[in-house]
Amino acid sequence: MLEELRTHLQQELRIPAIRSERCVHAHIETASCRACVESCPKQAWHLDDDSLGIDVEACDGCGLCAPVCPQGAILHAHEPLLRQFNQTVVALAACEHTGLNGEGIMPCLHALGLHDLLKLYRQGVRGLMTSMGDCAQCPRQVNRTHLADVLTTVNAALTQRNYPAFTYQELPADAWQTQRQQLTPPRSQQQLSRRHFLRRGLQNAVQETLKWQGLLPQDSEKFLPPGTLLPKTTEPANLPYVPQIDSSCCDGCDACFNVCPHEVLFLDIDNPQYVIVAEQCTGCQICVDVCKPQAIHIEHWMIPQVTHLPLHYQRCRRCGVPFHRPVDYAANQNLCHICNQVNHYRNLFQVID
Ligand code: SF4
Ligand code: SF4
């Protein structure tokens with residue numbers, strides 16, 4: 001009985017936690033994102049017109065859906081172990097197929113994504129020590145180079161900003177196990193005084209109780225776009241996601257900035273222009289989903305070239321309402337974005353006829 005309960009709890013803990021309010025489908029009905037559905041090796045996610053859900057019986061807790069979600073709506077429970085190594089802090093993580101268990105063991109190391117690595121970097125981690133099973137034989141059929149690819153991308157961004165890159169060591173399981181036994185927790189954790197330790201424990205207990213009683217929002221921790229986790233630089237540098245607006249076909253309807261959950265795009269009324277803060281973009285693509293003239297798309301890892309798009313204020317020559325539109329809009333006929341698409345006069349005459 002106890003053994004059954006333990007197995008059940010372990011299985012429950014492996015199931016990713018879901019912040020449904022962050023999912024793009026909670027923002028707009030026409031969102032096209034299916035990243036979680038497509039990444040799942042067990043086909044545990046299902047998405048139809050009415051709902052997005054996970055079959056907890058089918059999910060084996062690999063966590064591969066978590067790094068692909070642009071909105072951080074999926075959280076896996078497994079974290080690398082932080083250890084002091086010479087003068088730096090390293091993150092130790094090993095795959096469960098190494099046969100090891102305990103701290104630092106994850107169902108799949110390829111569940112570590114861009115966001116995880118940048119968060120580790122912000123915590124002071126400067127190296128990764130991993131041990132993997134044989135990815136080629138893994139029944140999950142993952143992309144074997146996923147972790148190495150993400151690491152290469154992150155290191156390129158750090159180097160471009162003149163910050164030290166992550167070091168990386170892939171170890172056999174027994175060598176990794178030895179490091180786990182011998183390395184000590186980071187100095188910052190060791191130096192936590194008894195008083196701080198007790199105070200932090202008390203704060204956590206109060207927060208959890210308030211959350212449990214519904215007095216604090218469950219989602220008090222805001223999802224930070226990866227661009228904001230990168231070290232700051234005064235020089236132009238690549239960002240993970242860069243919205244690009246084609247001003248020759250953007251008709252100024254404002255749909256993109258009305259749906260953007262991260263205030264990447266906004267209208268500066270005083271100096272008529274659209275402002276694009278690419279650092280805040282998560283690449284969720286819902287601006288692309290709502291843009292009728294297909295004037296916006298998201299580029300990956302580039303230096304933002306256009307951060308402001310000057311606008312004209314005009315009055316529609318057909319319906320008379322004021323509207324704005326990029327100054328270099330190609331087919332400027334002085335029609336607002338609604339009259340531009342719908343010929344009310346013709347429709348009206350058709351009704352009268
Ligand atoms: S990947 Fe994230 S944003 Fe996309 S459908 Fe799944 S939960 Fe929603
Ligand atoms: S700009 Fe577009 S892709 Fe970027 S966060 Fe906003 S809605 Fe998502």
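The model is predicted: local features need pLDDT of at least 70, side-chain atom pairs count only at pLDDT 80 or more, and totals for chains, interfaces and linings use all residues. Residues are numbered from 1 along each chain as its sequence is written, chains are lettered from A and ligands numbered from 1 in the order in which they are written, and side-chain values use heavy atoms, with hydrogens and water left out.

**Ligand 2**

A residue is near a molecule if one of its heavy atoms lies within 4 Å of it. Ligand 2 has 14 residues around it. Cys-260, Cys-281, Cys-284, Gln-285 and Cys-287 come nearest. The shell holds 10 nonpolar, 4 polar and no charged residues. Here Ala, Val, Leu, Ile, Met, Phe, Trp, Tyr, Cys and Pro count as nonpolar, Asp, Glu, Lys and Arg as charged, and the others, Gly among them, as polar.

**Nonpolar cores**

A nonpolar core is a set of buried Ala, Val, Leu, Ile, Met, Phe, Trp, Tyr and Cys residues joined through side-chain atoms within 4.5 Å. Buried means under 20% relative accessible area, exposed over 50%, and partly exposed in between (1.4 Å probe, protein chains only). The largest core has 41 residues. Leu-117, Leu-120, Val-154, Phe-166 and Leu-265 touch the most other members. This core draws at least three residues from each of domain 2 (81-203) and domain 3 (238-344); the domain bounds come from an automatic or database domain assignment. A second, separate core of 14 residues includes Ile-15, Trp-45, Ile-54 and Ala-73.

**Cysteines**

A disulfide is a pair of cysteine sulfur atoms within 2.5 Å. The count is 0 disulfides.

**Salt bridges**

A salt bridge is a side-chain nitrogen of Lys or Arg within 4 Å of a carboxyl oxygen of Asp or Glu. The whole structure has 4 salt bridges. One of them joins Arg-34 and Glu-38, with the closest N and O atoms 3.5 Å apart. Arg-34 is partly exposed at 35%, and Glu-38 is exposed at 62%. Another joins Arg-140 and Asp-60, with the closest N and O atoms 3.1 Å apart.
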